[in-house]
Amino acid sequence: MDSITAQIRAGELAPGDKLPTYAQLADHFKISVTTAQTALRILRERGLGEGHQGKGTYVSERPELG
């Protein structure tokens with residue numbers, strides 16, 4: 001979650017960019033899929049991500065960077 005937040009703040013991930021899947025995050029960070037789901041949920045709750053049913057999670061068009 002912190003890594004993705006930092007990438008958004010640095011402009012490495014732009015509004016509309018697709019975020020990695022739960023499985024990709026779990027594999028990359030060596031965490032469980034449940035932990036990856038929780039991380040993306042928190043990003044959505046913080047206004048940094050938007051979930052689209054069946055399509056994935058994307059960087060919000062106007063991410064809350066405060």
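Predicted model: local features only at pLDDT ≥ 70, side-chain atom pairs only at ≥ 80, totals over all residues.
Guide: Threonine 57 sits in strand β2, residues 56-59.

Visitor: Why is threonine 57 called buried?

Guide: Its relative accessibility is 8%. Buried means under 20%. Therefore threonine 57 counts as buried.

Visitor: Which residues of helix α1 are buried?

Guide: In α1, residues 2-9, they are Ile4, Thr5 and Ile8.

Visitor: How do you know that the buried residues of α1 line one face of the helix?

Guide: Look down the axis of α1. The buried residues fall within an arc of 100 degrees, so they line one face. An α-helix has 3.6 residues a turn, so residues three or four places apart point the same way.

Visitor: What covers the buried residues of α1?

Guide: The cover includes α2 (22-29), α3 (33-45) and β2. Just after α1, glycine 11 takes a positive phi of about 85 degrees.

Visitor: Which pattern does the chain follow along the sequence?

Guide: The pattern is α-α-α-β-β, with three helices and two strands.

Visitor: What makes the chain as compact as a globular protein of its length?

Guide: Its radius of gyration is 11 Å. The globule rule gives 11 Å for 66 residues. The two values are close, so the chain is as compact as a globular protein of that length. The C-alpha atoms fill a box of roughly 30 × 25 × 20 Å along the principal axes. Of the 66 residues, 27% count as buried.

Technical notes: Residues numbered from 1 in each chain as written. Heavy atoms only, no water. Helix = DSSP H or I, 4+ residues; strand = E, 2+ residues; numbered from the N terminus. Buried < 20%, exposed > 50% of the residue type's maximum accessible area, 1.4 Å probe, protein only. Arc of directions from axis to C-beta. Contact = heavy atoms within 4.5 Å. Rg over C-alpha atoms; globule rule 2.2 N^0.38 Å.
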